[in-house]
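Subject: A structure for you to look at

Hello,

Here is the structure I promised to pass on. Please open it alongside this message, and then read on for what turned up.

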Amino acid sequence: MKRIKAACGYAIRVTSLRLKTRQNTPTCIHTRVKKQEENRFNNVETVKMCVPEVNTYTTRSSRGLTGDTVLATGGKDKKYPDTPTKIMAEVPAHKDNPSYKCLLCLSECKIPRQLPCFHTFCTSCLDTYINSEYVLEDNRTYFPCPVCESPCSPNNKEAPVSSWAGSFPLHPNFGSLTCKKTESSETFCHGCLTDGEESVGSFWCRDCKEVLCKQCRVAHRRSTLLSKHNVIAIDEVTKSDVQLPVTIDETCPHHAGKTIEVYCIDHNALCCVLCVTLSHRSCQNVSSLEDMTKKITPGFVESGIDKINNESKRIVDEDENKLTALATDYQSMTKDMATMIKKAKDKLDDLQADFETGLDHTYKRNKDSLLDRLRTNKVFQTNVQNTNQLMLLMKERGSDCQQFITAEQSKTQIIRHVRRLQQRTKDKHNTFEMKIKYDETLEKVTNVMTNIGTLDVSSSLSPTSLDALTSIGTIIDTLQSTPFVTPFTESTSSSDIKGAVEKVAVQSSSGKQRVDVLTGSLSLIKSVHRSVIGWQKMPFLTGGVFIDGEGLYVTEFNNQRILVFDDQYNYVRQYDVDGFPTDITKGFAPNEVLIALLNAPILRCAIQGGVLTTVGSITSAKAWGVNTLGDKILIGKNNTVQFLTSNGVQRESFSKSGGYTYVAVSPHGFFFHRDGDVIVCRSRDGTEVFRHMCKGMREPRGITVDQDCNVYVCGKLSGGVHLISPDGSKDTLLLSKMYGFTEPYAIMLHPTRQEVIVTSSQEEVVLEVYKFCGL
């Protein structure tokens, strides 16, 4: 009777009709259907098809762990001795039945739940995470996404926390068709499993995509709704039989019951009609999804994600190699120390134990740090792999609209994940070089000896990982800034389609909207290693300025030269100078620059045809920082900031504290300088406008101002980059730490692109470039 009920349950689910239940139909259809749907995502084996020439199969535990390979010899089944063991070949995981992994446990996703930010997790993993991270305070009910930390709330905020994980939708494409297996790898009947019974399946319904036992096959045939289904013997199952239809949730995440129908090019956003009316009413570039899918540049997002997948694999491989190298170093050092200890007397035993305790502590600390970094990068790589497989699946079997929606969702979640990845790993190195400094008296043991050596540990981010991170940043920047739709012939605004979505042609934005720097974030797009610019002494880049048509000119203090970088921050050439340059700025004449030298006059130089020529000097001025304001020269000295005429005559002086002073000038005639750890803003006549101290900033060095009068400051000792609003009322920490160095020094802004260039204080990575991202 239960099997007949199960067959009726199939009919109701397959036809999606609200039928009046018969006497034999289960009383709770919705519960039954939900159980059947979750069975499709359960933690069990995929359907296997009969391939006579294959004589092995692989068994896995219910937790998805690979078991031993079992030889199929045609013997008897342990549970059903009269049934011969079938020889089955597993359906490939790629394309036809892709295997997606949970971003928490990094194992095969079990009952995958998709959050509003498009990241997907096992239901059980998500439930455990939510119970430890949920927030119920100040009328807020949410939990942060484990990957990107976007706030996620259940639909019913009054529901108990234990039910939150199950309230999020099942990912329609992450779950492959799955079946529970007997010990001999035979497949159990789906219908019987729904009622908690285990009967061996003998048939496959191509319409229901279900395994049936003999009794359920009879009930299937007797059902009016199911009798015409194509049912075959399970031995005849082919790869095409187990392919599930591709589905995408096209529901607007912001307005329940509304379907995504419009794309806002201005904000790169998928919208419903209400979104356009309420949130995008001022947008000038919108299009229906139908028009957008006709103009998609094929493979644009897929190509980018595939490249990110390759780069993330480089990072994970490098971390694993470095972890192995760290363990090798640990073993090598332990062996070396043991060899040294053998040469010593019994008195050294206690000292040896003290040393190994310190070594173990250091190794474990570094190992834990590297393991944490490795896991973070593995989570990212797994996310990219999942997304890459999803994109391939959609490309092969999805509609154009589905492909477009998936591409947008994939791009959004990858961008968010990359930003979070950068924040989590920027201060976690993956290269640890441990050296032993043997005590000079080790071979001459005395009674006063207190230790046998110390550990000298230095850490850095390997060039391979740094290069891969930079490449990912560049790809993300390209995905954000480059339209992947071909130009449209006409344009329209959101006001033209309010109330209804029509087929309209829209062209890409003529110019990319500027990111609000106070709310945006910085993404690394370029790093320059000291080996690129060469020279004997450690390079020290102390200041810089963009020259129209020439590129970025940077003062390099230690080796007495001016470095030139092109518009893509590639090193081009250098100019030697007679002195130690500290800062450089545009002069008063076209192609003129002023170069500040340590304890020497300011140089006046001309740039013509790629040649830097000294044309004069300002002998009365000796400064660290230099800038111009109108027809005046501003210089920063140890204890003062001074106004000079164009020929070097001092006009005004403002007292301050703290040395190594740079001066920044805004487009509106204000100038900024440090006074100890405080940033001071003054008007053109020197009147103080405001003072602002950024929380946690120590020893400010480089300072610059953008076209909106936002002030950027490097905290040399605090290690970050701070941003102060134009009125000095608030600030934000743009970068808490740099990626490749610890002490930021000089800072410059690209004149047309929202890119920030930061130099280091005499470290291996001499320069890093960051770009503002709005998402």
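Before anything else, please keep in mind that this is a predicted model.

Let me begin with a pocket. The second largest pocket has a volume of about 890 Å³. Its lining is made up of 39 residues, and those nearest the centre are Val545, Val665, Thr704, Val705 and Leu749. If you sort the lining of this pocket by class, you get 19 nonpolar, 14 polar and six charged residues.

Which strands supply at least two residues each to the lining of the second largest pocket? They are β19 (541-547), β23 (581-586), β27 (625-629), β31 (664-665), β35 (700-705) and β39 (744-749). Of these, β19 gives the most to the lining, with five residues.

One of those strands, β31, leads on to a sheet. The order β31-β32-β33-β34 describes an open sheet of four strands with antiparallel pairing. At its edges are β31 and β34 (688-692), each of which pairs on one side only. Within this sheet, β33 (residues 678-682) and β34 run antiparallel and are joined by four bridges.

Strand β10 (residues 203-205) is joined to β11 by three bridges, and the two run antiparallel. Here Cys205 stands opposite Glu210 in β11.

Next comes a hairpin. Strands β21 (residues 561-565) and β22 (residues 571-576) pair in the antiparallel sense over five bridges, and Val564 stands opposite Arg573 in β22. Between the two strands of this hairpin there are five residues, and Tyr569 takes a positive phi near 70°.

Last, a pair of helices. Two packed helices are described by the angle between their axes and the distance between the axes. Helix α9 (residues 300-342) packs against helix α10 (residues 348-397) at an angle of about 165°, and their axes are 8 Å apart. Why do α9 and α10 count as roughly antiparallel to each other? Angles over 145 degrees are put in that class, and α9 and α10 are therefore roughly antiparallel. Their crossing is left-handed. By class, the contact of α9 with α10 has 23 nonpolar, 10 polar and 12 charged residues.

Best wishes

Conventions:
Residues are numbered from 1 along each chain as its sequence is written. This is a predicted model: local features need pLDDT of at least 70, side-chain atom pairs count only at pLDDT 80 or more; totals for chains, interfaces and linings use all residues. Side-chain values use heavy atoms; hydrogens and water are left out. Axes are lines fitted to C-alpha atoms, for helices over the stretch in contact, and angles run from 0 to 180 degrees between N-to-C directions. Angles under 35 degrees count as roughly parallel, over 145 as roughly antiparallel, 65 to 115 as roughly perpendicular and the rest as oblique. A crossing is left-handed if the near helix is turned anticlockwise from the far one by less than a right angle, and right-handed if clockwise. Ala, Val, Leu, Ile, Met, Phe, Trp, Tyr, Cys and Pro count as nonpolar, Asp, Glu, Lys and Arg as charged, and the others, Gly among them, as polar. On a 1 Å grid over the protein atoms alone, a cavity is a set of points where a 1.4 Å probe fits but cannot get out, and a pocket is an open set with protein on both sides within 12 Å along at least five of seven lines; lining residues have an atom within 4 Å of a point. Grid points are joined across faces, edges and corners, and a volume is the space filled by probe spheres set on the points. Two strands pair if DSSP finds at least two bridges between them.
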